[in-house]
Amino acid sequence: MPSIFQIDAFTGRLFGGNPAAVVPLEEWIDDDTLQAIAAENNVSETAFLVASDEEGVDYHLRWFTPVAEVDLCGHATLAAGHALFRHLGFEGRLARFQTRSGVLSVEDDLGLYTLDFPALPREPREVTGALVEALGRRPAEVFTGMDLMCVFENKRDVHECEPNLSVLAALGGVRAVIVTAPATSHDFVSRVFAPAVGIGEDPVTGSAHCMMTPYWSEQFGKRRLTAHQVSKRGGEIECELVEREDGERRVRLAGHAVTYLEGEIRLPSHEG
């Protein structure tokens, strides 16, 4: 029977951050069963791991929301690293994963985990009436990429945003909608809504910071930033924009994690 871990990511305390399930497998099982497990877990993401014999890759990693497989997920990758380092006997301080978004890694520095992720591109987009209706307020700027990023001038707009999720889901073309603004105790704050993939509000979204970090780095003129995702659970992320010698831009995201539960999954063939 496969093991399962539920881990709160981007937090140092239980019941904070973003919960993710991590399921290590000896080999891949069919996609319908993977999706059924993710639906049964009913957390924003379930990460599935299978060991790899490829050079430069330790594991193959896939992420599922309760309703769909996604291309990139930060908090479940951090949770997967935590499970490997703290529970599964992984040797070394750097775990590398083959994913839909290329090779990603998690580095362990005494419990502070750092993700190496791609910096996501963005394009300006017109502020539409439908978007203003969905958010209940008008953003100063809007950008599109993997997600729709709505920039506000005042952090109060982020804290007080109560979007119409059905209207957001109908916008189409993006995975999620980010609302973000500059802050005082942190460089920027954000919230993320993803009804199109079965998540009303995501507590802490690492992958969204792959789009926000380049933007706020340019706005503030610095590469290292601190971020606070101000959902009810809340979470903090240390962000850094990195430019490699070959010109590729990457984002490093650092945070903590704590284990909530350990258990076993009873698949149909193992029911007793």
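L14 is partly exposed, with a relative accessible area of 38%, where partly exposed covers the range between buried (under 20% relative accessible area) and exposed (over 50%), taken with a 1.4 Å probe and protein chains only. The model is predicted, so that local features need pLDDT of at least 70 and side-chain atom pairs count only at pLDDT 80 or more, while totals for chains, interfaces and linings use all residues. Residues are numbered from 1 along each chain as its sequence is written, and side-chain values use heavy atoms, leaving out hydrogens and water.

L14 sits in the loop between strand 1 (3–9) and strand 2 (18–25), strands being DSSP runs of E with at least two residues and helices runs of H or I with at least four, numbered from the N terminus. F15 belongs to the loop between strand 1 and strand 2 and is exposed at a relative accessible area of 55%.

Most residues other than glycine have a negative phi. F15, however, has a positive phi, near 70 degrees, and N42 has a positive phi near 55 degrees. N42 is placed in the loop between helix 1 (31–41) and strand 3 (45–51), and counts as exposed at 58% relative accessibility.

D187, in the loop between strand 12 (177–182) and strand 13 (188–194), is buried, with a relative accessible area of 14%. Its side chain makes a polar contact with the side chain of K222 at 2.8 Å, a polar contact being a pair of N or O atoms within 3.5 Å of which, within protein, one must be able to donate a hydrogen and the other to accept it, with residues adjacent in sequence counting only if both atoms are side-chain atoms. The D187 side chain also reaches the backbone nitrogen of T226 at 2.8 Å.
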